Amino acid sequence: LENWDLSSFLGKGTITFSRVHKDDKYPQSSTVPVDSGNIAKDFALYFQQSEQIQTAFNTSIQFDKQGRVIGAGAMFLQIMPEVGGKKGSGANKSSHGNKEADDILFERVELAFRNAPSLGQWFSEEGDADDIIYGLFREFNPSVALTRDIKFDCPCNEDGFIEYIKNLPKHELEDIKKNGPNPLEIVCRNCGSKYLIDVNKL
């Protein structure tokens, strides 16, 4: 690579967002076309088209001279719904009382957002997330409500898949027991984990 601009690798296509809420049998998915060559813009387009929510993303990765990732960061900014708030009255009362004032506020927040440094470089140099928040948005008196580590965690396990298989129609289950394959290979559609299940467990 001559540089780390990845736009040449991101052609026209689609991007699909899937959400799996607790107790959902199937993920909720939405797909939008992409052709910007910029992942952050593609994410924002999804929220604008699929959820009709004004949203901004800032994503960045910093590489060393060998092409290894040494820093990565992202910022996600979203306008809250116009209704909500206090129990009882919140669902019927708009929180955007003055549209002109709101528009001015949105412009100021957007300007602060655009002034963010390269987040990948910032974190590669041991930068602190709080310094970004309070530095960029100090005029809006921000506060940190929660900090936590983010990790991918899939609730799948072998016992769960065995129970799913047992709920197949009786003739399908009997066919599996009689004709195999054994072991039965199951791949989780969420995380890609592979399970080899002995049909004797069914």
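With which side chain does the side chain of T55 make a polar contact? In this predicted model, in which local features need pLDDT of at least 70, side-chain atom pairs count only at pLDDT 80 or more, and totals for chains, interfaces and linings use all residues, the partner is the side chain of Q78, at 3.1 Å. Residues are numbered from 1 along each chain as its sequence is written, and side-chain values use heavy atoms, with hydrogens and water left out. A polar contact is here a pair of N or O atoms within 3.5 Å, of which, within protein, one must be able to donate a hydrogen and the other to accept it, residues adjacent in sequence counting only if both atoms are side-chain atoms.

The protein contains six helices and six strands, defined as DSSP runs (H or I, at least four residues, for helices; E, at least two, for strands) numbered from the N terminus, and these elements follow the order β-β-α-β-β-α-α-α-α-α-β-β. Of its 202 residues, 21% count as buried, where buried means under 20% relative accessible area, exposed over 50% and partly exposed in between, with a 1.4 Å probe and protein chains only.

T55 belongs to strand β3 (residues 55–63) and counts as buried because its relative accessibility is 14%. Its side chain also reaches the backbone oxygen of I53 at 3.1 Å. When residues up to four places away in sequence are set aside, T55 touches A44, F47, F76, L77 and Q78, a contact being defined by heavy atoms within 4.5 Å.

T16, by comparison, lies in strand β1 (residues 13–19) and, at 45% relative accessibility, is classed as partly exposed. The side chain of T16 makes a polar contact with that of T31 (2.7 Å), and T16 touches S29, S30 and T31, again without residues up to four places away in sequence. The C-alpha atoms of T16 and S29, which are 13 residues apart along the chain, are separated by 6.5 Å.

In helix α2 (residues 99–114), the residues D102, V109, A112 and F113 are buried. These four cover an arc of only 100° around the axis, and therefore lie on the same side of α2, the arc being that of the directions from the helix axis to the C-beta atoms. The face turned away from this buried side carries the exposed residues E100, E107, L111 and R114, whereas the cover over the buried residues of α2 includes β3, β4 (69–78) and α4 (129–136).

Notes:
The expected span of a helix is 1.5 Å times one less than its number of residues.
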